[in-house]
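Student: Can we go through this one together? I'd like to talk about salt bridges and then a helix.

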Amino acid sequence: MNTTARSTAFFTDHYELTMVDAALRNGTAHRQSVFELFARRLSGARRYGVVAGVGRLLEAIEQFRFGDAELEFLRRKNIASAETLDWLANYRFSGDIWGYPEGEVFFPGSPLLTVESTFAEGVVLETLALSILNADSAVATAASRMTNAAHGKPLAEMGSRRTGEYSAVAAARAAYIAGFGATSNLEAGRTYGIPTMGTAAHSFTLLHDSEREAFEAQIAAFGVDTTLLVDTYDIEQGVRTAIDVAGTELGAVRIDSGDLPVVVARVRNLLDSLGATNTKITVTNDLDEHTVAALSHSPVDAFGVGTSVVVGSGTPTMGMVYKLVSRQGNDGEWVSVAKKSADKATVGGRKSVRRTFDAKGHANAELIFASSDPAEQHGSHANDDAAAATTGRDVLVPLMLNGEIESGHTGQEGIALARERHITSVAELPLVAMSLTRGDPAIPTEYR
């Protein structure tokens, strides 16, 4: 079957297939193994991270197929042996994946994804998993900080032109999960059901012989509830012309330049003096979480964020890694494995996680329990004395069992649940988590 149009199998690195090739040759490819995806630290010294991309990853794993075109390329380039090509032709992930559900917050060491399968089945997913979760989580983390900084005022994602065309759609999805209310990207609206928005750019005003004619054309097309861009020429005159054309029931004006705190205050006063007390003010102009926070208590009614959110506000990746942490030996016994490299050491064993809370209901620790045997970490901690002695909630959930995606993680349903989960998990964090300064994680990660 030719799956070129939809296959995700080549969203990977060359060395993953050469590892499979060598493992098939020496008989270790089918050893049961446990891989773990985590971040050693929070990039950008953030106080918390937000998991995003889980639903996209599960769908991508479902489409991880080597069709005729992929196999022919590998054969022609002599990348894999005939035996490996036969194995790849029949590849279907059949293992289990546990992890942090989308929208959940995370911290250094959090086992965001646990892949249980044969070595060969799991190792080929490394690049795909990292590329999706690193990028989407970086966007969601930045978007979450902006959402908190806005103090309830709506934000729209408008960054499509500042990233790749496919990345733009994924970024819109991640930002929406983390609290943004809309996107300018139509493909994100079509694919994920995210509300879309947009009215006019400066070029529309410049197209006309005067600003008044541009406003009249927009009002004629969309009615007075539209948003008029008032800073193409002179902002004060633009506001006056907008109200003169649309009347005092104009929906909103948008400001995309200038010293925003000063300009916004003047525009609000001018609108009120003209009787347009219900006309709202939307601002854009290279906003990030710091400018959003600075404007959150001003007369701004809504924010449009572009570049900053789609590039993670200076942190375009979360620095996640994908490591083998446990495997079966020739005798069938499980063995914890870990790197000892300086500054890159890992903790072996299949993990489970319990988040604990103080008397006020605020999270105060991320407890991670490790065992070499995956069977000991599934489900609750009922048989784990150390874990049973703690209070809190288990964080890991099954995402895929026996190669089948669990319900509630994909499609528009998954996005809606992730959006709700983000609200809940952020609300559990201590107040220090809302700080926009660089610092330590909001809660410690403790290994038990």
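**Salt bridges and a helix**

Tutor: Asp 394 is partly exposed, at a relative accessible area of 28%. Keep in mind that this is a predicted model.

Student: Which residue forms a salt bridge with Asp 394?

Tutor: Arg 354 does, with the closest N and O atoms 3.1 Å apart. The two sit 40 residues apart, Arg 354 in strand β14 (residues 350–357) and Asp 394 in strand β16 (residues 393–394).

Student: Is Arg 354 buried or exposed?

Tutor: Buried, at 11% relative accessibility; the cut-off for buried is under 20%.

Student: How many salt bridges are there?

Tutor: The count is 18. One of them joins Arg 56 and Asp 136, whose closest N and O atoms are 2.9 Å apart. Arg 56 is in helix α2 (residues 54–62) and Asp 136 in helix α6 (residues 126–149), so this pair ties together parts 80 residues apart in sequence. Asp 136 is buried, with 3% relative accessible area.

Student: What is Glu 366 linked to?

Tutor: Glu 366 belongs to a salt-bridge network with Glu 104, Arg 355, Arg 393 and Glu 428. Between Glu 366 and Arg 355, the closest N and O atoms are 2.7 Å apart. Both of these residues are buried.

Student: Now the helix. Which residues of α3 are buried?

Tutor: Glu 70, Leu 71 and Leu 74, in a helix that runs over residues 68–76. Seen down the axis of α3, they fall within an arc of 95°, so they line one face.

Student: What do they pack against?

Tutor: Helices α1 (14–26) and α4 (82–89). Just after α3, Asn 78 has a positive phi of about 55°.

Note on methods:
Residues are numbered from 1 along each chain as its sequence is written. This is a predicted model: local features need pLDDT of at least 70, side-chain atom pairs count only at pLDDT 80 or more; totals for chains, interfaces and linings use all residues. Side-chain values use heavy atoms; hydrogens and water are left out. Buried means under 20% relative accessible area, exposed over 50%, partly exposed in between (1.4 Å probe, protein chains only). Helices (H or I, at least four residues) and strands (E, at least two) are DSSP runs, numbered from the N terminus. The arc is that of the directions from the helix axis to the C-beta atoms. Contact means heavy atoms within 4.5 Å. A salt bridge is a side-chain nitrogen of Lys or Arg within 4 Å of a carboxyl oxygen of Asp or Glu.
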